[in-house]
Amino acid sequence: MCGIIGFSGREQAAPILLDGLERMEYRGYDSAGIAVRSETKGLQVKKTKGRLRVLSDLTHGGADLEGTLGIGHTRWATHGEPNDINAHPHVSENGQIALVHNGIIENYLEIKEQLQRRGVTFTSDTDSEVVAQLLEYHYNECHNMLEAVGRVLRRIEGSYAFGIICSDFPNALIAARKDSPLILGYGENGNFIASDVTAIIKYTRDVVYMEDGEIAVVTPESIDVFDSEMNPLEKQHSQVDWDVSAAEKGGYAHFMFKEIMEQPEAIAKTVSPRIRDGRVVLDDITLTADYVRDISRIFIIACGSSYHVGMVSKYNWERLLRRPVQVDLASEFRYSDPLVDEKSLVVVISQSGETLDTMAAMREAKRRGARTLAVVNVVGSSIAREADDVLYTWAGPEIAVATTKAYSTQLVLMDLIGLYLADLLGTVEKSEYDAILAEVQVLPEKMSHFLEHFEDVQYFASRYFNHNSIFFIGRNLDYAMGLEGSLKLKEISYIHSEAYASGELKHGTISLIEPGTLVVALGTYAALFDKAMSNVVEVKARGAEVLAVTTETFKEKMEKTADSTIVVPDTHPILQPSLGVVPLQLFAYYVALQRGCDIDKPRNLAKSVTVE
Ligand code: F6R
């Protein structure tokens, strides 16, 4: 989604803003812009459609814009097409006020019409310009910028993170948030606002997370935060412990490849601190055995790949807990009048911790009295802060839009949580418990071993990259894993792809299989391997080309039928998707590479989806 940065300091702002925007490039955007204020030149604004490089060239790396106070934005279009005019910052009619905005203003049309009736002329189609114009209107009334911001916030409905500068307001930028992330950063040569910690991590690790309804005034020397009634607040500081290099490519061609390769280490970081003396220890949460025994329903709620983690977890948790587990897409759950109550445990999974649908679903569950547990990667993110309990995946920053290491760490953490709950309930045999834990601990090593031979997958990708429709089939955990493999492929290579539970093929989809259709057959789930094989035979009989993924145990059997076979190490069945998904990620990566796609920033996609 859109990215925001703002700086008020003792250095030229424009180069810092451009640098911060560049670090948020991975979030995906279609246009970018900056506004800088100086004593002599007033407000100067440059914005343009396209990549950041265009903006950087347009401003000679920021040298053209003089001033130590500024705001910057990368836009992912929601209202109005991506073009120069709709790009942010938006400037009020008399050029006094510039504003950047993330989120959506729901009542913007109504406000726009009122302002138009008062003679205000609009240049863009955006909801954000309406806020800039409304601000000017109130500022002209009260001649106090902070008061004007307060009045605007009371008028608008929707979600927002704002960065605002005003030509009359030297050295100070104003920030406000509601349902869209915004952090404040304390730097040596000035202070920051940003929607994403990666934008400012080069300059500071000392941050404050803004809460909904708060307003901040940022100057080179200080940051003052107020509640919606303008009462001053004391905010708690947090230290960001991410390494700057973690957000850089470090010699890899793409972040996605780097992040695939980082998975063993990320899994080890997520798992190791949570296993002590042969037991899963989840110090950070407060679920007691009595409470867990009393739970009548378990829900797992998420979007996209995180939802696919939920699908795997449903199979695994039901097996471990012997209780029904319902997985829901957050965007559906929130509007489904869900049957959630005080006896429900609602687990939400989100890498970014900012996905609007997931957050809204979690709030709905809380409103109905459920207890919420969040599995999140970004520390201090909104979902992490609002959930009753939070467990972090320690994957480090994930920059590529297509998730890999965050997915893998979510998967393994959900396995640990399942094991922990099963232990509290007494529904898992000790031998099974020990076997899973032993395998979790060697998972990073097994994954590293597989990753040393990624060339096989590269070879298959070069063989199959020109197919334009690909099916993933599998049963049980393999089906859940296929959903993720298919999503990875379509989002970065733009090849049409579908994942099916193998048993469902005969109920319609098999009519699409014709000579030469590529079917990726997943046969890693031992309990149903023979059934999965029958489905491979079925598609082969209709002329499909089959690329199979299986385990060492079933290698020989699979090779007899499939055209090509990728073999992953064996592990405990519950953990098998953690290994099985890796070739699917690599396959998507290499197919996209062969097709010349923009791997880290696929078209139309954004890293953190903060709109509905
Ligand atoms: C796909 C992908 C998305 C996210 C989804 C949810 O590669 O990354 O499908 O999984 O947008 O995002 P989070 O996990 O941040 O809530």
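Student: Which residues of strand 12 sit on one side and which on the other, and are they buried or exposed?
Tutor: In this predicted model, strand 12 covers residues 215–218, with Ile-215 and Val-217 on one side and Ala-216 and Val-218 on the other, and all of these are buried, so that both faces of the strand are covered.

Student: Why would neighbours end up on opposite sides like that?
Tutor: In a regular strand the side chains alternate between the two faces of the sheet.

Student: What is strand 12 joined to, and which way do the strands run?
Tutor: Strand 8, which spans residues 173–178, is joined to strand 12 by four bridges, and the two run antiparallel. Strand 13, residues 223–226, is also joined to strand 12 by four bridges, again in an antiparallel arrangement.

Student: Which residues stand opposite each other there?
Tutor: Val-217 in strand 12 has Ile-174 opposite, while Ala-216 has Val-225 of strand 13 as its bridge partner.

Student: And how many residues lie between strand 12 and strand 13?
Tutor: There are four residues between them, and the two strands form a hairpin.

Student: Stepping back, what domains is the protein divided into?
Tutor: The assignment gives domain 1 at 3–241, domain 2 at 255–450 and domain 3 at 455–594. Between domain 1 and domain 3, the C-alpha centres lie 46 Å apart.

Student: Let's look at helix 15, then; which of its residues are buried?
Tutor: Helix 15 runs over residues 455–464, and its buried residues are Val-457, Phe-460, Ala-461 and Tyr-464. Viewed down the helix axis they fall within an arc of 105°, so they line one face of the helix.

Student: What about Phe-471 and Tyr-500?
Tutor: Those two form a tilted pair, with 6.4 Å from centre to centre and 35° between the planes. Phe-471 belongs to strand 23 (residues 469–474) and Tyr-500 to strand 24 (residues 496–501), so the pair ties together parts that are 29 residues apart in sequence.

Student: Which rings are linked into a cluster?
Tutor: Ring pairs link Tyr-252, Phe-257, Phe-454, Tyr-589 and Tyr-590 into a cluster.

Student: And where do the charged ends of Arg-371 and Arg-603 sit?
Tutor: The charged end of Arg-371 sits over the ring of Tyr-291, 4.9 Å from the ring centre, and that of Arg-603 sits over the ring of Tyr-494, 3.8 Å from its centre.

Student: Last one: where is Gln-351, and what does it touch?
Tutor: Gln-351 is placed in the loop between strand 20 (344–350) and helix 11 (356–367), and at 11% relative accessibility Gln-351 counts as buried. Leaving aside residues up to four places away in sequence, the residues that Gln-351 touches include Ser-306, Val-376, Glu-398 and Lys-607.

Note on methods
Residues numbered from 1 in each chain as written. Predicted model: local features only at pLDDT ≥ 70, side-chain atom pairs only at ≥ 80, totals over all residues. Heavy atoms only, no water. Phe/Tyr/Trp six-rings, centres within 6.5 Å; stacked < 30°, edge-to-face > 60°. Lys NZ or Arg CZ within 6 Å of the ring centre and 35° of its normal. Buried < 20%, exposed > 50% of the residue type's maximum accessible area, 1.4 Å probe, protein only. Contact = heavy atoms within 4.5 Å. Pairing = 2+ DSSP bridges. Domains from an automatic or database assignment. Arc of directions from axis to C-beta.
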